[in-house]
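Good morning, colleagues. Please have the sequence and the structure in view.

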Amino acid sequence: MGFFSSLGHVALVVWAVIVIAPILWTFLASFKNTTEIFGSPWTLPGELRWENWGRAWTEARVGRYFVNSVIVVAASTFGTMLLGSMAAYVLARYRFIGNRFFYYLFVSGLAFPVFLALVPLFFVVDNLGLLGTHTGLVLVYIAYSLPFTIFFLAAFFKTLPSSVAEAGMIDGCGHTRLFFRVMLPMAKPGIISVGIFNIIGQWAQYQLPLVLLPSGTEDKWVLTQGIADISVNAGYEADWSGLFAALSMAILPMIIVYAIFQRQIQSGLTAGAVK
């Protein structure tokens, strides 16, 4: 048992190095100039060149892309959590004809790769007149985030005690009030956990924005599209430090979010098992 425990710790250390090393290297490279990046890639920067970050934020329009990403992810996460929690609650706590059918219909979306639906999505969103808009992208984000959200929260709502719901009904709560006033607050750990996962997943999404926010709508591009455009131009303009600064700006918010809500995420993932 001790051998396998030690082996597990070694594997975790190796995995941590594999994950952390590229992030740390990117962050350090954001303060270097091009000569240092290619001439001494494994050394510390000679000085902290914050102008690299300023140039990426203004000249490369990372500031605009960053704001667009915040708007899109905030709206889509709110919509996903509202609709997903309501659907998961009904599917988990109520018995009606077709309950299992609708549940498995939602969950089947987890097995559907995004890239297989890119062409149909393009035409559907275009026919709705939402191509090249944040509204169209938000709706698609919500649709693709619902399967995981419902799958996770349905299992969580099943663990909540029925006695509390029955007491609420006896006190005169209707179904809507019972959900928003009683059951939803009790499901807060699960809501936070799946919400953070949705934020991280939507923040890093690239394929969907690439198709739904095509060329000609640069003012509406999100951060992943902007960084991809910077990486293409970096090969011609040699502004590698600006590219790594932009990458750091994209990575740091998600690291901060996860660090702040780490305990809530862990408690949400284990609450169902504990109960």
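This is a predicted model: local features need pLDDT of at least 70, side-chain atom pairs count only at pLDDT 80 or more; totals for chains, interfaces and linings use all residues.

Tyr104 is exposed, at a relative accessible area of 53%, whereas Tyr103 is buried, at 11%. In these terms, buried means under 20% relative accessible area, exposed over 50%, and partly exposed in between, with a 1.4 Å probe and protein chains only. Residues are numbered from 1 along each chain as its sequence is written, and side-chain values use heavy atoms, with hydrogens and water left out.

How are the rings of Tyr103 and Tyr104 arranged? Their centres lie 5.4 Å apart and their planes stand at 70°, so the pair is edge-to-face. The rule here takes rings of Phe, Tyr and Trp (for Trp, the six-membered ring) as paired if their centres lie within 6.5 Å; planes under 30 degrees apart count as stacked, over 60 as edge-to-face and the rest as tilted.

By the ring rule, the count comes to 21 aromatic pairs. Phe27 and Trp53 form an edge-to-face pair, because their ring centres are 6.1 Å apart and their planes are at 80°. Phe27 belongs to helix H1 (residues 2-29) and Trp53 to helix H3 (residues 51-58), so this pair ties together parts that are 26 residues apart in sequence. Phe27 is partly exposed at 30%, while Trp53 is buried at 13% relative accessibility. A single aromatic cluster is formed by Tyr89, Tyr94, Phe157, Phe179 and Phe180.

Helix H3 also holds Trp57, which is partly exposed at 40% relative accessibility. Trp57 and Met249 are 192 residues apart in sequence, yet their C-alpha atoms are 8.9 Å apart in space.

Let me turn to the helices. The protein has 14 helices and 0 strands; helices (H or I, at least four residues) and strands (E, at least two) are DSSP runs numbered from the N terminus. Helix H7 (residues 134-158) packs against helix H10 (residues 188-203) at an angle of about 155°, with the axes 10 Å apart. Axes are lines fitted to C-alpha atoms, for helices over the stretch in contact, and angles run from 0 to 180 degrees between N-to-C directions. H7 and H10 are therefore roughly antiparallel to each other, a label for angles over 145, with under 35 degrees roughly parallel, 65 to 115 roughly perpendicular and the rest oblique.

Finally, the overall figures. Of the 275 residues, 39% count as buried, and the C-alpha trace spans about 70 × 60 × 35 Å along its principal axes. The average pLDDT, the predictor's confidence in each residue from 0 to 100, is 86, and 93% of the residues score at least 70.
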